[in-house]
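Subject: Structure for your files

Hello,

Here is the structure I said I would pass on. My notes follow below it.

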Amino acid sequence: MALRKILTEGNPSLKKTCRPYTEFGPRLWQLLDDMKETMTDANGVGLAAPQVGILRRACVVLETNVAEGEEEYFIELVNPEIIASDGEQEGGEGCLSFPGQYGIVKRPEHVVVRAMDRNGQSFEVEGHGLTARCFCHEIDHLNGVVFVDKAERMLSEEELAAQEGEE
Ligand code: NI
């Protein structure tokens, strides 16, 4: 595995619509492994292929809604699509490609995603709360959409400083 460079604001790759995977082999597996390592290294909860310069429909999300004592785990999504959503949540959102920036973004509270695994097998996975937010955020990346495009407003320096004070 290897760390990949995370592209940041202004890089044209972040605005591109990504192409689906039709082959499920070592190149994809390496990418997914590298993305998990890169995301963990950067303390993120999600990362999409275009953020590391690969214009393909793949992303990884950390499932953080786990019972006490259980480990958080990665969900690998290839060619994902949201097939159902309900509810609404409004909250702060950031992105590894926009370091230090946070905005208020409305997202569904619950989503169902259909995707393929690294071997091309179709599956469905549900997300609630932060996980639903991550699924939406990462799938947006595959369509060249970044959270700052959807944010109702960005948090000010003062609001960010106040949040950090709470942590
Ligand atoms: Ni992002």
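Predicted model: local features only at pLDDT ≥ 70, side-chain atom pairs only at ≥ 80, totals over all residues.

Overall shape: the radius of gyration of the protein chain is 15 Å, which agrees with the value near 15 Å for a compact globule of 167 residues. Along the principal axes, the C-alpha atoms fill a box of roughly 45 × 35 × 30 Å. Of the 167 residues, 44% are buried. The accessible surface is about 9,000 Å², with 47% of it belonging to carbon and sulfur atoms. Taking contacts between residues at least 6 apart in sequence, 64% join residues at least 24 apart.

Metal site: the nickel ion has three protein donors, Cys95 (SG), His137 (NE2) and His141 (NE2), at 2.1 to 2.2 Å. Their spacing in sequence is C-x41-H-x3-H. The two histidines, His137 and His141, sit in helix H2 (residues 130-142), four residues apart, or about one turn of the helix. Both His137 and His141 are buried.

Ser97: this residue is in the loop between strand E4 (89-93) and strand E5 (103-107). Ser97 counts as buried because its relative accessibility is 0%, and buried means under 20%. The side chain of Ser97 makes a polar contact of 2.9 Å with that of Gln51. Beyond its neighbours within four places in sequence, Ser97 also contacts Ile6, Leu7, Thr8, Glu9 and Leu14, among others.

Regards

Methods: Residues numbered from 1 in each chain as written. Heavy atoms only, no water. Donors = N, O, S within 2.8 Å, 3.2 Å for Na, K, Ca; no water. Buried < 20%, exposed > 50% of the residue type's maximum accessible area, 1.4 Å probe, protein only. Polar contact = N/O pair within 3.5 Å; in protein donor to acceptor, adjacent residues only side chain to side chain. Contact = heavy atoms within 4.5 Å. Rg over C-alpha atoms; globule rule 2.2 N^0.38 Å. Areas by Shrake-Rupley, 256 points an atom, 1.4 Å probe, with all protein chains shown as cover.
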